Amino acid sequence: MPRPSSPETSASDLRTPLARLSAFLLRADDVAAAWERYSDEHTDLDGWPYDQDAYDRRMAARDAALWRLFTPLRDEAAHLLDTAETVVDQLAGKSVQTRWVWQLDQLRGALERISAAQTAFTDWQDTYPHTSDELVDRARAARDKRAWEGLNDWITHGRAVLEIHATALRAGRPGIRRPSPAPAAVRYAATAKRRAAEPRFR
């Protein structure tokens with residue numbers, strides 16, 4: 001399958017949500033491929049790891065890497081899905097792939113699971129604000145592990161958003177655009193609320 005490229009910007013320009021999605025897909029593919037190679041080389045024919053502790057550490061590193069890669073996109077992912085659904089509704093005839101609606105639904109469910117993992121981690125931090133770094137690391141690892149399935153769904157189906165955008169442009173219709181800037185007061189309130197909800201550890 002061809003590796004995705006940003007339909008709006010160069011690889012060095014990650015200012016748009018679509019560019020960030022494209023960057024996530026490119027880098028997440030590399031993480032997933034590296035994991036597959038490691039797993040193949042460090043398990044027996046029945047799939048059992050030769051060294052379970054080392055295997056678990058490598059899996060945790062994979063989960064953490066995918067979480068970091070998705071973080072720049074997380075706040076804008078819902079907007080991408082909302083806009084992609086609107087674009088699909090506006091496209092007509094043979095240009096629409098029947099799988100797109102199902103894939104967008106899969107991505108939305110995945111985003112809900114990813115958000116739930118972050119919420120659980122933030123709630124834990126609020127409950128134990130003065131805990132040790134070791135316990136924070138364990139909680140973060142648990143968050144990453146919980147989010148892995150949703151992140152993997154974004155690796156699998158995220159290209160549908162890029163396909164929808166490209167198809168809209170070819171059809172002479174507006175593609176997926178960044179959100180319109182909110183009025184200053186609303187934007188300030190939203191930013192303050194988001195920052196208050198952000199975890200204190202990364």
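**Helix packing in a predicted model**

Me: Which residues in α3 do W67, F70, R74, A77, A78, L81, D82, A84, E85 and V88 in α2 meet?

Reply: This is a predicted model, in which local features need pLDDT of at least 70 and side-chain atom pairs count only at pLDDT 80 or more, while totals for chains, interfaces and linings use all residues. Residues are numbered from 1 along each chain as its sequence is written, and side-chain values use heavy atoms, with hydrogens and water left out. Taking contact as heavy atoms within 4.5 Å, and helices as DSSP runs of H or I with at least four residues (strands: E, at least two), numbered from the N terminus, the partners in α3 are W100, V101, L104, L107, R108, L111, I114 and Q118.

Me: How many nonpolar residues does the contact of α2 with α3 have?

Reply: Ala, Val, Leu, Ile, Met, Phe, Trp, Tyr, Cys and Pro count as nonpolar, Asp, Glu, Lys and Arg as charged, and the others, Gly among them, as polar. Beside one polar and four charged residues, the contact of α2 with α3 has a nonpolar count of 13.

Me: At roughly what angle do the axes of α2 and α3 cross?

Reply: Axes are lines fitted to C-alpha atoms, for helices over the stretch in contact, and angles between N-to-C directions run from 0 to 180 degrees. The axes of α2 (residues 52-90) and α3 (residues 99-127) come within 10 Å, and they cross at roughly 145 degrees.

Me: Why is α1 described as roughly antiparallel to α2?

Reply: Angles under 35 degrees count as roughly parallel, over 145 as roughly antiparallel, 65 to 115 as roughly perpendicular and the rest as oblique. The axes of α1 (residues 17-41) and α2 come within 9 Å and cross at roughly 165 degrees. That angle is why the pair is called roughly antiparallel.

Me: How many charged residues does the contact of α1 with α2 have?

Reply: Sorted by class, the contact of α1 with α2 has 19 nonpolar residues and one polar residue. The charged residues in this contact number five.

Me: Is T71 buried, partly exposed or exposed?

Reply: T71 lies in helix α2. Buried means under 20% relative accessible area, exposed over 50%, and partly exposed in between, with a 1.4 Å probe and protein chains only. Because its relative accessibility is 24%, T71 counts as partly exposed.

Me: How far apart in space are T71 and R20, C-alpha to C-alpha?

Reply: In sequence, T71 and R20 are 51 residues apart. In space, their C-alpha to C-alpha distance is 9.8 Å.
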